[in-house]
Amino acid sequence: MNISFTRRGAAALIGAGSAVCALALAAPEAAAADTACPAPGASATAVTAAGAQCSATSAGGGAAAAYGLNGSASADAAPTSLSLAIAQNGGSAASTSTQLSAPAAIAVGPGASVTTNGVRPGLAIGIAGPGASVVVNGVTGPTCTGGVGFAGDFQTFQGCLSLG
């Protein structure tokens, strides 16, 4: 089931997003290495460990952070922007930001995939559970397919919800 909406469904989206986030954070984590890649200001970092990897790159005036907790995460931030990617328990998260944008990608569970792009000023978030795919491109409305996933995009004032 796939649900798309604009401003009218904001309250439901926030409630569903909170529920998905709570489930995501409560998901059991396999015994694997965790990686952390903070990149404040003009910097770049990458870490690879058994079953986990992360990379983050940031230009001066921006900040990126990626965390691979038995998953794969990457974040890239341009000047005056923020970018966050978190992947846990087999998920894959990627986040890229340009000036005055702040996207966040959170992927939890096997087959979870989130790609968020900040191309206009504003916040964006994508959260995917096992088997879900969430894409926020910042130009058209987000897409949510597969398992449980949610996205909210203040660049386009649209969102999506997938219930599996």
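## Exercises on a predicted structure

Buried residues make up 43% of the 164 residues in the protein chain. Keep in mind that this is a predicted model. Let's work through it together.

### Exercise 1: The overall picture

Find out how many helices and strands the protein chain has, and describe its surface and contacts.

Solution. 
- Step 1. Start with the secondary structure: there is one helix, along with 15 strands.
- Step 2. Now consider the contacts with a separation of 6 or more: 19% of them involve residues 24 or more positions apart.

### Exercise 2: The bonded cysteines

Determine how many disulfides the whole structure holds, and which cysteines pair up.

Solution. 
- Step 1. Searching the whole structure turns up two disulfides.
- Step 2. In one of them, Cys37 is joined to Cys54, with the sulfur atoms 1.9 Å apart. Cys37 belongs to strand β2 (residues 34–40) and Cys54 to strand β4 (residues 52–58), so this pair ties together parts that are 17 residues apart in sequence.
- Step 3. In the other, Cys144 is bonded to Cys160, again with an S to S distance of 1.9 Å. Here the pair links distant parts of the chain, Cys144 sitting in strand β13 (residues 143–145) and Cys160 in strand β15, 16 residues apart.
- Step 4. Number the bonded cysteines in sequence order, and the pairing reads 1-2, 3-4.

### Exercise 3: Handedness and burial

Work out the handedness of each disulfide, and decide whether its cysteines are buried or exposed.

Solution. 
- Step 1. Look at the torsion about the S-S bond of Cys37 and Cys54. It is about 70°, so this disulfide is right-handed.
- Step 2. Do likewise for Cys144 and Cys160: the value about the S-S bond is 65°, and the link is right-handed.
- Step 3. For burial, the cut-off is under 20% relative accessible area. Cys37 has 0%, so Cys37 is buried. Cys54 has 5%, so Cys54 is buried as well.
- Step 4. Cys144 and Cys160 are both buried too.

### Exercise 4: Two positive phi values

Locate Asn70 and Thr80, note the phi of each, and classify their accessibility.

Solution. 
- Step 1. Asn70 is found in the loop between β5 (63–69) and β6 (72–77). Its phi is near 60°, which is positive although the residue is not glycine.
- Step 2. Asn70 has a relative accessible area of 14%, so Asn70 is buried.
- Step 3. Thr80 is found in the loop between β6 and β7 (82–88). Its phi, near 55°, is again positive in a residue other than glycine.
- Step 4. Thr80 has a relative accessible area of 41%, so Thr80 is partly exposed.

### Exercise 5: A nonpolar patch

Identify which residues form a nonpolar patch on the surface, then take a closer look at Phe157.

Solution. 
- Step 1. The patch is formed by Leu123, Phe154 and Phe157. Together they have about 330 Å² of accessible area.
- Step 2. Place Phe157 in the chain: it lies in the loop between β14 (148–153) and β15 (158–163).
- Step 3. Classify Phe157. Its relative accessibility is 44%, so Phe157 counts as partly exposed. Patch members need over 30% relative accessible area.

Technical notes:
Residues are numbered from 1 along each chain as its sequence is written. This is a predicted model: local features need pLDDT of at least 70, side-chain atom pairs count only at pLDDT 80 or more; totals for chains, interfaces and linings use all residues. Side-chain values use heavy atoms; hydrogens and water are left out. Patches are made of residues with over 30% relative accessible area and no salt bridge: like charges are joined within 9 Å, nonpolar side chains (Val, Leu, Ile, Met, Phe, Trp, Tyr) within 5 Å. Accessible areas come from the Shrake-Rupley method with a 1.4 Å probe; for residues, only the protein chains shown count as cover. A salt bridge is a side-chain nitrogen of Lys or Arg within 4 Å of a carboxyl oxygen of Asp or Glu. Helices (H or I, at least four residues) and strands (E, at least two) are DSSP runs, numbered from the N terminus. Buried means under 20% relative accessible area, exposed over 50%, partly exposed in between (1.4 Å probe, protein chains only). Contact means heavy atoms within 4.5 Å. A disulfide is a pair of cysteine sulfur atoms within 2.5 Å.
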